Protein chains: 2
Amino acid sequence: MTAAGMRGEHVRRSNLSTVLRQVHASPRTRSQLSETTGLTRTAIASLVATLVEAGLVREDDSAERSGPGRPSPVVSVNTTNVAIAVEIAADSVAVAAVSLDGSILAIDRVPRSRQRSSVEDVVHALHGLASSVMAGLGGSLDVLGIGVAVAGVVDPVAGRVVVAPNIGWRDVPLRDLVSEAVEHRWPVGIANEADLGMLAECERGAAVGRRHVVYISGEAGVGGGVLVDGVPLRGIAGFAGELGHIPVHPDGGRCRCGAQGCWETEVGEAAVLRRSGSRRSGGRRALDAVLTRAADGDAVALDALHETGRWLGVGLAGLVNLLNPELVVLGGFFAEAFEHLQPAVLDELDARALSATRGAVTVVPAALGIDAALIGAAELGFETVLADPVGSARR
Amino acid sequence: MTAAGMRGEHVRRSNLSTVLRQVHASPRTRSQLSETTGLTRTAIASLVATLVEAGLVREDDSAERSGPGRPSPVVSVNTTNVAIAVEIAADSVAVAAVSLDGSILAIDRVPRSRQRSSVEDVVHALHGLASSVMAGLGGSLDVLGIGVAVAGVVDPVAGRVVVAPNIGWRDVPLRDLVSEAVEHRWPVGIANEADLGMLAECERGAAVGRRHVVYISGEAGVGGGVLVDGVPLRGIAGFAGELGHIPVHPDGGRCRCGAQGCWETEVGEAAVLRRSGSRRSGGRRALDAVLTRAADGDAVALDALHETGRWLGVGLAGLVNLLNPELVVLGGFFAEAFEHLQPAVLDELDARALSATRGAVTVVPAALGIDAALIGAAELGFETVLADPVGSARR
């Protein structure tokens, strides 16, 4: 191929990726695709035809007329394309088949004890779960890739779990292990659970279209992510966003990470259980009981959530002054307890954030609930195809 | 002009800007310019000729041979181009003439009382200072623009000081006032003092070439800035980087901003003076005395700085876990007291930052000292010409 031909091929692949990403976000008419991409309608028609041929999108000719001229066909993803999304959390492991339109087709979540599990056992269990999920859906699906969300510090470039105290892992080459388990048939991506939760909320949840976002999620630990001008904050080595380990109470309690008074020690699951008089080892089930008691008006439970909201607000005030975000999304159990947490959160923001930054920000609950990390993990699984829809990985 | 001609003109202006920005950063040979810009040597020669004609750069033909072929002339900025840089701090106002190569040609700094000063008085005083600085330099300089650094929350887009507690201002349209005072002869930019300090450290100081940086500067207040992947963090409305008002000690002292236990209450000037038994109203002079006592081995002064370093480290641990920076730059009096602060800062980082983020970061003193904000302000003054070297503003 000539140099000019190679450049043309490169541009075409880049345009295919752009169009597929658009349609992946939500169905679009050809006219809309032309408008948002700046490509001509002839070019869009050709690109869409290629994507249809590759089985990635389909067109619906029954589109309504939205203006003068011929009706513009609606292009949407072919939902028989799926990613296998995996979540390795403190209390459970889950596997889902997620369609290219972001909907969960099937999910299996099984509890796991918080004792240390060998990596091999977990990978083996996941493989079994994935096989049964896929078998339940029949054979007509095309798997594009695998995404894994891990409750721990992850190096997404190296594909390693650096440390996951709630799982009991340290320096685990998880991407390679998963890849081997599936005999390298699909691309595998791994990332931090909260980073993926934020990604999902930004693409399909409470933060769609927002560019400056703080996401904080209460699970067994406290994780989060930050979107800066539309781009996830990564830092120099991909470890940014460890919100749970910002010191907010330097003389406070000891954190699992070894430090003292991390945000997690004041707003994590253990803090809520402690304040509500529950067994600290009760885990997620005990936390659900606290939420139920609060819904029933139990004063101790309500006070525990109020105090947790207060510390949530203290930490958020710092992030709001530092980052000047437009939106704070509370995920995990913070979303479920939102109505009980919100008043104290806003009081602390009012008291501690500068008026210039306070005035710019809204606090909302996450929209995707407990499945946010899985939906984000699916995006990792789709990434290879989204980046190069008809590239070598598809042949 | 045809559409194609307009596009060509646009590309040429963009290339002129690229070349001037490179040379503004540091002198380059034509070969280096060709390498870093990807433009041909013929194109570089033509662009440089235009910039020479505009009086912005000059070429030195005595360049040494650095490889085979003809020696490549060194292109450097014409240092008769200056910006007028202004700093409005708590204790002083300063005006400097800063050459296009970043060097300060002349500076005049006068103390001001911390009592409220009317904006008009300050602008009037600045105008007088600027006239005398320029007169002292003779008439052969070409002023490209004016940049103003303000110790307060600034909206750089609107050109307004939102609030500056240490100066006693609230909602001041400072850019327009300065612009009127100079009869709109030059473009005027204003920004937060610490944001400009960071900009200067990144362009000409301790953080040259770094992409993930936290800058924190101890002045009367505590300000700072964050560089994320090479871009200053702005937030949704330009107010990001208010590091001084991150809560680090929620039950701590009352802050000037109205909140409690902001970082500034533990590491600001007032905290150092309090801990060292100095008069809190002593201002910068009293702080200098503490540094002198510390240099002489005075135990109370050393303890005061150690405790300040400890709180500096507590807050930095949070920023390191959140942002995963490669470099932390301590500016203002933190730079002057660096040797006394550093041990406690590093101890707290070791204790509180996660190993993944701790391992990635180095802590260094700022390189530009007290003039960092002025050098950054000059960059604001140069911006119009750097963005469009021979554009309408130059005609």
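I started at A:His184, which sits in the loop between helix H5 (174-181) and strand S11 (188-192) of chain A. For the record, helices (H or I, at least four residues) and strands (E, at least two) are DSSP runs, numbered from the N terminus. This is a predicted model, where local features need pLDDT of at least 70, side-chain atom pairs count only at pLDDT 80 or more, and totals for chains, interfaces and linings use all residues. Residues are numbered from 1 along each chain as its sequence is written, and chains are lettered from A and ligands numbered from 1 in the order in which they are written.

A:His184 isn't a glycine, yet its phi is positive, about 55 degrees. I noted that A:His184 is exposed, with 10 other C-beta atoms within 10 Å (buried means 20 or more, exposed 12 or fewer, partly exposed in between, with C-beta atoms placed from the backbone).

A:Asp171 has a positive phi too, near 50 degrees. A:Asp171 lies in strand S10 (residues 169-172) of chain A.

**The two chains**

I laid chain A on chain B: a turn of 180 degrees and a shift of 0.0 Å along the axis gave an RMSD of 0.0 Å (least squares on C-alpha atoms of residues with pLDDT of at least 70 in both). The two copies are thus related as by a two-fold rotation axis.

The contact takes 36 residues from chain A and 36 residues from chain B (C-beta atoms, placed from the backbone, within 7 Å). On the side of chain A that touches chain B, H10(A) gives the most, with six residues.

Conventions
Contact = placed C-beta atoms within 7 Å.
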